[in-house]
Amino acid sequence: MRPFILISNDDGYHSNGIRTLVSFLSNFADILVCAPEAARSGYSCAFSAVNYLRLKQRHNIPGADVWSCTGTPVDCVKIALDQLCTDRRPDLILGGINHGDNSSVNNHYSGTMGVALEGCMKYIPSIAFSSCDYNENADLSYLRDYIRRIVNRVLADGLPKGVCLNVNFPKIDPAKEQFAGVRVCRMGFGSWINEVVKCRHPRGYDYYWMVGEYRDDEPDATDNDRWALAHKYVAMTPTRVDVTDYESMEKMKEWFK
């Protein structure tokens with residue numbers, strides 16, 4: 001039987017990245033897409049606790065059963081599993097391909113990672129794919145072999161309980177260069193600074209834009225995802241749902257003895 005893969009994203013059901021991802025996999029897997037009706041970047045693991053949701057079937061991606069949802073990326077996964085997967089549970093859940101870098105602390109803000117984390121919390125092997133090329137119309141076809149290799153390996157071997165994968169691709173010109181390889185690495189530490197721009201509206205009130213610039217807080221480290229991407233490696237970071245700091249936990253037990 002062909003594997004059954006659920007795909008979502010945070011760029012919307014109509015995005016170039018999600019169409020490209022389906023095209024990589026539809027020849028050997030049954031594909032269900034359930035993705036936001038519009039961009040939902042930065043939604044992380046948010047879900048709709050107040051607003052109701054709507055589903056609408058779409059027909060914009062060959063080789064897939066496509067639905068849009070009015071909610072967040074996590075809403076899409078939840079509602080797809082509950083309403084669209086009644087006869088068959090997905091073998092794999094994928095987020096992406098995202099138009100933009102989700103390495104380092106971006107992991108925590110990313111709706112693409114929200115998809116993978118939600119799948120992981122449902123005990124379904126899950127992967128988030130992101131490209132550092134922010135051009136929403138970029139040709140991402142050169143990611144095909146890497147994505148297929150990673151997907152087939154996870155389908156064959158699975159992932160440990162509570163672990164999903166965050167995979168980021170550096171931006172390259174495939175006509176001139178190739179990836180240096182795949183680097184399995186940790187998440188880098190960085191900070192977003194200068195995040196708020198204050199503006200004055202002509203009608204007399206202030207308004208604000210959330211923007212910012214990324215600062216690498218460990219520029220000399222060579223074992224993290226930021227270094228890997230800067231040196232043209234595909235960065236693959238195993239990410240745990242369990243955020244417990246076990247070392248600190250053992251130390252804190254001494255507080256109450």
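**A buried serine and the fold around it**

At a relative accessibility of 0%, Ser104 counts as buried, since the term applies to residues under 20% relative accessible area. In this predicted model, Ser104 belongs to the loop between β5 and α3 (106-109), and its phi is positive, at about 55 degrees, although the residue is not a glycine. A positive phi in a residue other than glycine is also found at Lys232, where the value is near 70 degrees; Lys232 lies in the loop between α6 (225-230) and β13 and is partly exposed, with a relative accessible area of 30%. Strand β5 contains Ile97, and the peptide bond that leads from Gly96 to Ile97 is cis, with omega near -5 degrees.

The chain as a whole is built from seven helices and 13 strands. Its radius of gyration is 19 Å, close to the 18 Å that the globule rule gives for 257 residues, so the chain is as compact as a globular protein of that length. Along the principal axes, the C-alpha atoms fill a box of roughly 55 × 55 × 50 Å. Among contacts with a separation of 6 or more, 77% are made by residues 24 or more positions apart. Of the 257 residues, 47% count as buried, while the chain exposes about 13800 Å², of which carbon and sulfur atoms supply 51%. The charged side chains comprise 29 positive and 32 negative ones, and the centres of the two sets lie 3 Å apart.

In soluble globular proteins, nonpolar side chains tend to be buried together. The largest nonpolar core of this chain has 36 residues, of which Ile7, Leu25, Leu94, Ile127, Phe129 and Val151 touch the most other members. Helices and strands both contribute to this core, and the elements that give two or more residues include β1 (4-8), α1 (16-25), β5 (92-99), β6 (126-131) and α5 (144-157). When neighbours within four places in sequence are left aside, the contacts of Phe129 include Leu21, Leu94, Ile147, Val151 and Phe169, and also Gly96 and Ile97, the two residues joined by the cis peptide bond.

In the loop between β7 and β8 (181-184), Ala175 counts as exposed, with a relative accessibility of 72%. The C-alpha atom of Ala175 is separated by 9.7 Å from that of Tyr142, a residue 33 residues apart from Ala175 along the chain.

Key: Residues numbered from 1 in each chain as written. Predicted model: local features only at pLDDT ≥ 70, side-chain atom pairs only at ≥ 80, totals over all residues. Heavy atoms only, no water. Helix = DSSP H or I, 4+ residues; strand = E, 2+ residues; numbered from the N terminus. Rg over C-alpha atoms; globule rule 2.2 N^0.38 Å. Buried < 20%, exposed > 50% of the residue type's maximum accessible area, 1.4 Å probe, protein only. Contact = heavy atoms within 4.5 Å. Areas by Shrake-Rupley, 256 points an atom, 1.4 Å probe, with all protein chains shown as cover. Lys, Arg positive; Asp, Glu negative; His and termini not counted. Charge placed at Lys NZ, Arg CZ, Asp CG, Glu CD. Core = buried A, V, L, I, M, F, W, Y, C linked by side-chain atoms within 4.5 Å.
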